[in-house]
Amino acid sequence: MDATNLRIPGPTPLPPAVLRAMQRAMIPHRGSEFRAFFRGLLEQVRQVHRTEGDVIILPGSGSAGWEAAIVNTLSPGDTVLAVVTGDFGVRFARVAERFGLRVERVEVPWGRAATADVVRAALERHPETRAVLYTYNETSTGVANPLAEVGPVVRAHGALLLVDGVSAVAGLPLEMDGWGVDLVLSGSQKAWMCPPGLVIIAAGPRVWESYERASFPRFFWDLGDARRAAAEGNTPTTAPLTLLYALKAACDLIEAEGLEAVYARHRRIGDLTRRRVQEIGYRLFADPAYASDTVTAAVPPEGVAVRDVVARMRQEHGITIADGQGPIKDRIIRIGHMGWVHEPEIERTLAALDAVTNSLAAK
Ligand SMILES: Cc1ncc(COP(=O)(O)O)c(C=O)c1O
């Protein structure tokens, strides 16, 4: 399959430079060459988060980030506010429940955003909240929640703001320190343009204060151990060298393009996708005011089945798009446009969608 025909919301296509980087030979992960390399990489990743805080990179996936965020900052019985705007918000809440936290869910209808007012009102109802679990970009609905507005609200209350940035970081604007975000977790397989396999966590000073008090047992996901190792350019366990090489190549690409240009490209492609899917006859699933620039979710025209669109896109055009997740599995298609994505391949995807939808509608 042509890599650029993978138009699901992660894993995403890999740039040639990332593919090449993964062919590098192994080096000793406790040697000086590795330490210099890893220090440089952490600095590049830190800059993407716009934080003076720490960056931790561990083998894992986005879900590991949920667990790490919880066990390093909270204790059994603490109250957390889980802001749920879709399937990933549900899962983040479930992780908190499994760990025995008191989880207050704030449910927003899927397709809508969790605004600052929603979060403020919930914090007023639950002043005992120790942490807010918030999904910046809800991959299941194509909604980019307004993190920039929510950050100051949570900071004013005093709770920690633990953010799932899995399908946002390196694709959507992020000012971690400027917005008052305490922790952001993401996975390498999304806008980072890397294969699945790394969890990337940025943590500010309030995380480390909470870490001292947090009483959950932790070993592999102990961010304090990872932080101490990182200060020396080390990792707590054997470093996933190949994936780190990939991430370095991806960070070099982001640096060469410039973060603002990366965000502008995502915005342009998000706009283009939304405009074209509507012209083809789809309805945006997300509230247009909060539609994501990394993934578009859309409801097909009357009489056109999601299952058929996805199958025909693959069979007739070799392009893989996604259906929905959970309760909206059969209601929406999703087109991923994060990371290594440019106009030509999105134009190709949309032309194919037009052809497939027309032929299905004509039946
Ligand atoms: C917003 C969001 N959070 C968390 C996850 C879970 O990440 P993983 O499957 O890498 O564990 C995903 C995966 O798609 C996601 O999109």
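Start by selecting the four strands that form an open sheet in the order β10-β11-β13-β12, with antiparallel pairing. Two strands pair here if DSSP finds at least two bridges between them, and strands are DSSP runs of E with at least two residues, while helices are runs of H or I with at least four, both numbered from the N terminus. Colour β10 (283–284) and β12 (322–323): these stand at the edges with a single partner strand each, so one side of each has no neighbour in the sheet.

A word on the model: it is predicted, with local features needing pLDDT of at least 70 and side-chain atom pairs counting only at pLDDT 80 or more, whereas totals for chains, interfaces and linings use all residues. Residues are numbered from 1 along each chain as its sequence is written, and side-chain values use heavy atoms, leaving out hydrogens and water.

Next, pick β11 (residues 295–299) and β13 (residues 333–336), which pair in the antiparallel sense over four bridges. Click A297 and you will find its bridge partner, R334, in β13.

Now show helix α11 (residues 259–280), which lies across β10, β11 and β13 and runs at about 15° to β11. Such angles run from 0 to 180 degrees between N-to-C directions, with axes fitted to C-alpha atoms, for helices over the stretch in contact.

Finally, select α12 (residues 306–317) and α13 (residues 343–361), whose axes come within 10 Å and cross at roughly 120°. Show side chains for the contact (heavy atoms within 4.5 Å): D308, V309, R312, M313, E316 and H317 in α12 meet T349, A352, L353, A355, V356, S359 and L360 in α13.
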